[in-house]
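Have a look at the picture before you read on.

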Amino acid sequence: MDSSSSKSEIEFECLPMFRVLKGGVVERIAGTETVPPSDVPQNGVVSKDVVISPETGVAARLYLPTAASPDRNLPLLVYIHGGGFCIESPFSPLYHPHLVSLVSTANVVAVSVHYRLCPENPIPIPHDDTWQAFLWAAAHSSGQGPEPWLNHHADFGQVFFAGDSAGANIAHNMAMRAGSTTQLSDVTICGIILVHPYFGKNEPDRLWDYICPSEVHNPLFYI
């Protein structure tokens, strides 16, 4: 068998999400489509994208109700998407309309976090990227941050983490980390919303064992 054939063999497969070839290529089978933000209101909500770290690509999609007024700040929702840590993004046709609906219904400002995906970026990179995005958002609590929507409309005394699946795992761990830091004197975490959270049981988990090569980080998963 020549080297090109061996490189096309499957090293790891987690259907219907992705497969990894022995040559190191990651083939994502789902969760790669994107839709743009909109400055034209969708269900009473506008959105835009911001780059938080040009070096790593950490970014976010922001959502703001068009009825928001500088006279009354709205709760801040930090949302973390699911997808087994390996697929999807805030820009997908699954999560963008979900956040539009959520922001419209709950009347909140939202930061939907774009973290680097496994398996190319193993655990704890998705967690660390989300923490970086949260600290970026929290830096607006003084009203002096780079993003006007957060400066003028977010209430940092009412901050919530939310996520589904792997995003719920990250949301839980962000709340735990926020509770143990002294960096957030002007930020109050009021709650977390965990939808179908992805946590481990007292048994091996094939996907987690592949994307988390170090047992040092198992407390992020086995709670």
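The points below go from the whole chain down to one residue.

1. Before anything else, keep in mind that this is a predicted model. The protein chain has 6 helices and 9 strands. Its radius of gyration is 18 Å, close to the 17 Å that the globule rule gives for 223 residues, so the chain is as compact as a globular protein of that length.

2. Along the principal axes, the C-alpha atoms of the protein chain fill a box of roughly 70 × 40 × 30 Å. Of the 223 residues, 48% are buried. If you take contacts between residues at least 6 apart in sequence, 66% of them join residues at least 24 apart.

3. Now find helix H3 (residues 125–138) and helix H5 (residues 166–179), which pack with their axes 10 Å apart at an angle of about 60°. That angle is why H3 and H5 count as oblique to each other. Their crossing is right-handed.

4. Who makes that contact? On the H3 side, look for Pro-126, His-127, Asp-128, Thr-130, Trp-131 and Phe-134. H5 brings Asn-169, Ile-170, Asn-173, Met-174, Arg-177 and Ala-178. Sorted by type, the residues of the contact are 6 nonpolar, 4 polar and 2 charged.

5. Stay on H5 and pick out His-172. Is His-172 buried or exposed? It has 17% relative accessibility and the cut-off for buried is under 20%, so His-172 counts as buried. Leaving aside neighbours within four places in sequence, His-172 is in contact with Ile-192, Leu-194, Phe-199 and Ile-223.

How values were computed:
Residues are numbered from 1 along each chain as its sequence is written. This is a predicted model: local features need pLDDT of at least 70, side-chain atom pairs count only at pLDDT 80 or more; totals for chains, interfaces and linings use all residues. Side-chain values use heavy atoms; hydrogens and water are left out. Axes are lines fitted to C-alpha atoms, for helices over the stretch in contact, and angles run from 0 to 180 degrees between N-to-C directions. Helices (H or I, at least four residues) and strands (E, at least two) are DSSP runs, numbered from the N terminus. Angles under 35 degrees count as roughly parallel, over 145 as roughly antiparallel, 65 to 115 as roughly perpendicular and the rest as oblique. A crossing is left-handed if the near helix is turned anticlockwise from the far one by less than a right angle, and right-handed if clockwise. Contact means heavy atoms within 4.5 Å. Ala, Val, Leu, Ile, Met, Phe, Trp, Tyr, Cys and Pro count as nonpolar, Asp, Glu, Lys and Arg as charged, and the others, Gly among them, as polar. Buried means under 20% relative accessible area, exposed over 50%, partly exposed in between (1.4 Å probe, protein chains only). The radius of gyration is taken over C-alpha atoms; the globule rule is 2.2 Å times the number of residues to the power 0.38.
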